[in-house]
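Good morning, everyone. Please have a look at the structure on the screen, and then I'll walk you through a few parts of it.

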Amino acid sequence: MRGIHWFRNDLRLEDNRSLALMLNRVEEWAAVFVLDPSLVEPSCVSEKRARFLEDCLRHLDTKLSEMQIPFIVLRGRPENEIPRLMHRYSVSLLSYNESVTPFGRRRDGKVKRTVEKHGRQILSARDDVIFSAEEIRSSKGTPYAVYTPYRNTWWRRFDEKGLSRHTRVDRRRSIPGVECPEWDGISPRDGTSGNVSLPLGGEREARCRLDRFLNEDVRFYGRDRDRPDLDATSRLSPYLRFGCISIRACFADATAAVRAEPSLRNGVEKWLDELIWREFYSAVLEDNPRVLRENYRSEFDSLAWRNSASEFEAWCTGQTGFPLVDAGMRQLLETGWMHNRVRMVVASFLTKDLLIDWREGERFFFEHLIDGDPSSNNGGWQWAASTGTDAQPYFRIFNPTKQGERWDPNGDYVRRWVPELRNWSSSSVHAPPHSERSLRDYPEPIVDHSERRVEALDSFRRAREAWRDSS
Ligand SMILES: Cc1cc2nc3c(=O)[nH]c(=O)nc-3n(C[C@H](O)[C@H](O)[C@H](O)COP(=O)(O)OP(=O)(O)OC[C@H]3O[C@@H](n4cnc5c(N)ncnc54)[C@H](O)[C@@H]3O)c2cc1C
């Protein structure tokens with residue numbers, strides 16, 4: 001039998017679930033990636049993300065060609081390209097790893113219907129998480145709406161021994177005569193990533209980062225992970241997003257690191273908890289596809305967003321006059337990544353201080369983040385906007401200046417990303433005096449945080465009262 005593996009957000013060979021299952025059933029195989037215009041057009045994805053994806057594809061291409069396995073990169077709609085390819089090379093089995101986004105489900109449904117209509121088979125598996133939504137339920141069998149009990153059940157179900165890791169693809173059994181047309185890449189586009197040093201894509205780089213993190217930074221992860229001025233987190237998010245490393249590998253290696261060095265326990269446990277947040281948000285989206293459009297909690301549905309275009313523009317370009325917010329937005333624009341603490345602060349600023357609909361911020365993040373992921377991004381935004389599962393209570397509003405003073409105590413992060421403030425002393429870098437701002441060409445704060453805080457509280461309170469009255 002002949003098989004084709006359709007790579008999507010699983011750009012690796014090791015511990016790839018549906019690929020491993022397919023390889024047990026076929027004698028000959030090839031691999032394909034489809035550059036779907038609705039995913040790779042410049043209007044849908046930033047140049048930085050496109051470059052990272054391209055890098056991942058080139059690495060995969062190299063690895064597969066070392067094993068003489070054809071890797072076909074096509075441009076077009078998967079529902080047209082995949083069945084055509086299967087027909088052309090008499091392939092009877094298609095494997096892919098499942099997606100939980102509404103877009104992915106629709107796309108896969110179309111491909112599945114066409115493939116099966118022609119008497120060929122599909123083999124799909126869930127690969128991007130350890131547990132799918134239906135595997136982690138409350139004692140009543142219902143989905144969790146709060147992280148901590150979800151996490152507790154998650155850990156109760158977790159069995160380290162079940163982490164199958166060794167499904168290396170080392171068999172050279174390619175379908176003969178497959179043509180792999182040259183593909184011209186996805187970037188360059190608008191040149192915005194020209195001189196920026198971006199993370200290298202691919203499986204090998206992901207593995208190096210995981211090893212380095214577990215050997216070095218994880219020890220202090222619990223203490224330092226909220227400090228944007230330190231490089232204290234794993235920076236694995238783009239690799240997990242594109243599946244350059246498996247989630248099982250992260251858990252297996254991290255738990256092995258604790259066995260070898262028990263003093264790492266605290267850091268490793270904190271880190272694994274973050275990975276469980278990822279699983280939690282994936283489960284929330286799987287159970288509630290509507291969250292991509294609507295508030296998870298309807299109590300703020302009638303909230304009157306202010307949605308000022310000029311304030312949104314200042315936020316997007318890092319010109320709000322709040323140094324931590326501007327540093328974060330400029331880091332995002334320049335590198336396609338932002339530290340988690342700063343994501344929380346800029347998202348709170350947008351939704352509370354500026355009263356701009358979280359969907360605007362979510363869209364902007366998704367466009368610019370290399371790790372832009374529908375479920376984690378939505379979860380993070382709904383958390384910050386107080387509309388989500390475990391949301392930040394609406395009355396707890398981050399003060400962006402105090403957040404800066406607390407988490408970037410020497411101002412190194414702000415100075416790095418906001419060059420106007422580069423020569424500023426630590427004591428005032430998070431609240432530069434008004435007299436100095438114009439001298440250094442740095443904007444005045446676009447809003448008065450205390451005033452906007454009161455207004456936001458009032459708007460959220462009124463929305464909730466309206467909801468209570470109507471229900
Ligand atoms: C408004 C907002 C939007 C976000 N958008 C995204 C997004 O589009 N894609 C994305 O991967 N993460 C998103 N996050 C979560 C988090 O900010 C990033 O995962 C993290 O900063 C990535 O850096 P790291 O790999 O060094 O993380 P580490 O601290 O090393 O954590 C390890 C991994 O755990 C996962 N993780 C960590 N924190 C979270 C979290 N709060 N929610 C879900 N998963 C988490 C990520 O996969 C991360 O790579 C968002 C958070 C907020 C507040």
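I'll start with the sheet, then go to the helices.

Some ground rules come first. This is a predicted model, where local features need pLDDT of at least 70 and side-chain atom pairs count only at pLDDT 80 or more, while totals for chains, interfaces and linings use all residues. Residues are numbered from 1 along each chain as its sequence is written, and side-chain values use heavy atoms, with hydrogens and water left out.

In what order do the five strands of the open sheet come? The order is β3-β2-β1-β4-β5, and the pairing is parallel. Two strands pair if DSSP finds at least two bridges between them. The edges are β3 (71-75) and β5 (121-125), and each of these pairs on one side only. On average, neighbouring strands are turned by 25° against each other, direction ignored. Axes are lines fitted to C-alpha atoms, for helices over the stretch in contact, and angles run from 0 to 180 degrees between N-to-C directions.

Let's go strand by strand. β1 covers residues 2-7, and five of its six residues are buried. Buried means under 20% relative accessible area, exposed is over 50%, and partly exposed is in between, with a 1.4 Å probe and protein chains only. β1 pairs with β2 (residues 28-35) in the parallel sense over six bridges. Gly-3 has Trp-29 in β2 as its bridge partner. β1 also pairs with β4 (residues 93-97), again parallel, over three bridges. Ile-4 stands opposite Leu-94 in β4.

On to β3. Four of its five residues are buried. β2 and β3 share five bridges, in the parallel sense. Ala-31 has Phe-71 in β3 as its bridge partner.

What lies across the strands β1, β2 and β3? Helix α3 (residues 47-66) does, running at about 165° to β2. Helix α4 (residues 78-88) packs on the sheet too, touching β1, β2, β3, β4 and β5, and its direction makes about 160° with that of β2.

Next, helix α6, residues 147-157. Which of its residues are buried? They are Tyr-147, Tyr-150, Thr-153 and Trp-154. Seen down the axis of α6, these fall within an arc of 130°, so they line one face of the helix. That arc is taken from the directions from the helix axis to the C-beta atoms. Here is the background: an α-helix has 3.6 residues a turn, so residues three or four places apart point the same way. The cover over the buried residues of α6 includes α10 (247-260) and α11 (265-287).

Stay with α10. Val-258 lies in it. Val-258 counts as buried because its relative accessibility is 9%. Beyond its neighbours within four places in sequence, Val-258 is in contact (heavy atoms within 4.5 Å) with Leu-264, Arg-265 and Val-268.

Last, a helix pair. α13 (residues 323-335) and α15 (residues 358-368) pack at about 40°, with axes 9 Å apart. They are therefore oblique to each other. Under 35 degrees counts as roughly parallel, over 145 as roughly antiparallel, 65 to 115 as roughly perpendicular, and the rest as oblique. Met-329, Leu-332 and Leu-333 of α13 meet Phe-364, Phe-365 and His-368 of α15.

Definitions and conventions: Helices (H or I, at least four residues) and strands (E, at least two) are DSSP runs, numbered from the N terminus.
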